[in-house]
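Here is a short note to read beside the structure. The points go from the whole chain down to one group of side chains.

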Amino acid sequence: MKIDWVTVGPFQENSYLIVDEQSRRAVLVDPGDEASRIIGMVRDAGVTPEAIWLTHAHLDHVGAIAAIKREWKLPVFLHNDDLVIYRRASQSAVRYGFTMVQPPEPDHSLADGDALNVGALRFTVRHTPGHAPGHVVFHGEGAMFGGDLLFAGSIGRTDLPLSNPDDMETSLALVATFDRDTVVYPGHGPPTSIGNELMTNPFLADVVERT
């Protein structure tokens, strides 16, 4: 497995490219902004993109979808509980003082326990609400593409519309059970690991202590 990413947009969001190196097949995770840079990342990798996987639908994670789908007709995967957020993405952007092209409707829904493949790579979808009602993580191959659930030293916000602190606590308790060597590729900030966050992240440690 090869993982590339670019950090894009005013929210400094990480947009990932997961590559199966044998088949040269790939998927994009959370293409949030600056579509030309994301398209350039794919072309530089010399791979065939097959899909767009979304951890959730906040505007900083979906802003490049419309332009990317003009380049490649990639199916978009999203949990249904985030559709209400997804469908308001361009309106949300206006509230922050900028514009974005509303992404087209998702093509496939995600559910907890779904298996997703990229060539020979295997990932499991885990529903991890809290930051957003339809938030998911993609877990497999020693990695977790975690969106805005868990960051290096912090966690995602729960003061946004449709966020839920109780759900966030349950979701954090779930990922705390993942193998400690699991590398976490978050929606913002540098990669980390489950083990490192269990040792150093006060938010995760507090959840584990209470569960």
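Predicted model: local features only at pLDDT ≥ 70, side-chain atom pairs only at ≥ 80, totals over all residues.

1. The chain is built from eight helices and 14 strands. The C-alpha trace spans about 45 × 45 × 25 Å along its principal axes.

2. Of the 211 residues, 53% are buried. Among contacts with a separation of 6 or more, 59% are between residues 24 or more positions apart.

3. There are 28 negative and 16 positive side chains. The centres of these two sets are 7 Å apart.

4. The structure holds ten aromatic pairs. One of them joins W5 and Y185: the ring centres are 6.0 Å apart and the planes meet at 65°, so the pair is edge-to-face, a label that requires over 60 degrees. W5 belongs to strand β1 and Y185 to strand β13, so this pair ties together parts 180 residues apart in sequence. W5 is partly exposed, at 35% relative accessible area, whereas Y185 is buried, at 14%.

5. Y185 also pairs with F145: their ring centres are 5.1 Å apart and their planes are at 15°, so this pair is stacked. F145 sits in strand β10, 40 residues from Y185, and is buried at 1% relative accessibility.

6. Ring pairs join W5, F145 and Y185 into a cluster that also includes Y16, W53, F123 and F138.

Terms used
Residues numbered from 1 in each chain as written. Heavy atoms only, no water. Helix = DSSP H or I, 4+ residues; strand = E, 2+ residues; numbered from the N terminus. Buried < 20%, exposed > 50% of the residue type's maximum accessible area, 1.4 Å probe, protein only. Contact = heavy atoms within 4.5 Å. Lys, Arg positive; Asp, Glu negative; His and termini not counted. Charge placed at Lys NZ, Arg CZ, Asp CG, Glu CD. Phe/Tyr/Trp six-rings, centres within 6.5 Å; stacked < 30°, edge-to-face > 60°.
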